[in-house]
Amino acid sequence: MYKPEVIYIIDSKAFSLGDPEEQSTIPFSGSALGVRGCAHTEAEAVSASWFSSPSSCHPPPPWQTDMRLFLLLVVTLLSVAPVVVNGGDKKKLQIGIKKRVDNCPIKSRKGDVLNMHYTGKLEDGTEFDSSIPRNQPFTFTLGTGQVIKGWDQGLLGMCEGEKRKLVIPSELGYGDRGAPPKIPGGATLIFEVELLSIERRSDL
């Protein structure tokens with residue numbers, strides 16, 4: 001029947017504390033109960049706080065510790081580093097509320113016909129289009145691809161009388177081609193819009 005043993009290492013010899021008649025002295029091979037290391041006194045054997053290879057009776061040299069810490073740091077950084085795709089993260093659509101409406105019984109949704117006033121500018125402040133001087137609202141159906149994606153996304157959930165500012169990246173605007181001659185390729189578009197009225201399909 002197997003009996004667990006406790007082994008102390010004293011002066012490079014191992015003493016097995018099993019049955020008294022079975023006690024023996026064995027040369028210390030650097031392995032006791034599966035733990036590799038060595039100690040020179042009973043106190044060291046009991047309270048040893050470091051482990052080494054069977055052939056060493058000293059803690060690992062500082063450069064080994066430094067190398068392990070360095071490798072651990074590299075692995076950690078690689079695991080948390082963001083993945084870069086196609087040169088970087090794409091810009092996101094920004095929506096700012098310039099005028100809120102307290103009484104909002106209906107909000108715009110996909111399929112609604114919207115009547116809007118708008119002014120469009122480039123990042124340098126150059127105005128490329130506006131419905132206000134023409135005094136003619138722009139009418140379109142939301143979410144059906146009749147306008148740029150930045151509008152289809154940025155005008156959802158809007159109240160009649162509400163005003164918004166949209167900052168639209170080129171990916172949701174006119175892309176790399178632009179809309180010559182007024183809108184260059186890759187341009188970020190800035191729109192100030194006002195929703196005048198909503199015509200819901202069920203109301204038509």
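Buried means under 20% relative accessible area, exposed means over 50%, and partly exposed lies in between (1.4 Å probe, protein chains only). By that rule R200 is buried, with a relative accessible area of 12%. This is a predicted model: local features need pLDDT of at least 70, side-chain atom pairs count only at pLDDT 80 or more, and totals for chains, interfaces and linings use all residues. Residues are numbered from 1 along each chain as its sequence is written, and side-chain values use heavy atoms, with hydrogens and water left out.

**Confidence**

- pLDDT is the predictor's confidence in each residue, from 0 to 100.
- The protein chain averages 76, and 60% of the residues score at least 70.
- Over residues 1–56 the pLDDT is below 50. This stretch still has 67 contacts in the model beyond near neighbours in sequence. A contact means heavy atoms within 4.5 Å.
- Residues 82–88 also stay under 50. For them the model has one contact beyond four places in sequence.
- Where pLDDT is low, the predicted coordinates should not be read in detail.

- Helices (H or I, at least four residues) and strands (E, at least two) are DSSP runs, numbered from the N terminus.
- Two strands pair if DSSP finds at least two bridges between them.
- Strand β7 is mostly covered: nine of its 10 residues are buried.
- β7 runs antiparallel to β11, and 10 bridges join them. M116 has L195 in β11 as its bridge partner.
- β7 is also antiparallel to β9 (residues 138–141), with four bridges. Here V113 is partnered by T141.
- With β8 (residues 127–130), β7 pairs in the antiparallel sense over three bridges. K121 has E127 in β8 as its bridge partner.
- β7 and β8 form a hairpin with four residues between them. In the turn, G125 has a positive phi of about 95 degrees.
- In a regular strand the side chains alternate between the two faces of the sheet.

**Salt bridges**

- A salt bridge is a side-chain nitrogen of Lys or Arg within 4 Å of a carboxyl oxygen of Asp or Glu. The count comes to four salt bridges.
- K98 and E192 form one of them, at 3.2 Å from N to O. K98 is in strand β6 (residues 94–99) and E192 in strand β11 (residues 189–199), so the pair links parts of the chain 94 residues apart. E192 counts as partly exposed, at 37% relative accessibility.
- R200 and D112 meet at 2.6 Å, N to O. R200 lies in the segment after β11 and D112 in the loop between β6 and β7 (113–122), so the pair ties together parts that are 88 residues apart in sequence. D112 is buried too, with a relative accessible area of 1%.
- R164 bridges to E162, with the closest N and O atoms 2.7 Å apart. Both R164 and E162 are buried.

**Aromatic rings**

- Rings of Phe, Tyr and Trp (its six-membered ring) pair if their centres lie within 6.5 Å. Planes under 30 degrees apart count as stacked, over 60 as edge-to-face and the rest as tilted.
- The count comes to eight aromatic pairs.
- W151 and F191 form an edge-to-face pair, 5.4 Å centre to centre with 80 degrees between the planes. W151 is in helix α3 (residues 149–154) and F191 in strand β11, 40 residues apart. Both W151 and F191 are buried.
- Y118, F128, F138, F140, W151 and F191 form one aromatic cluster.
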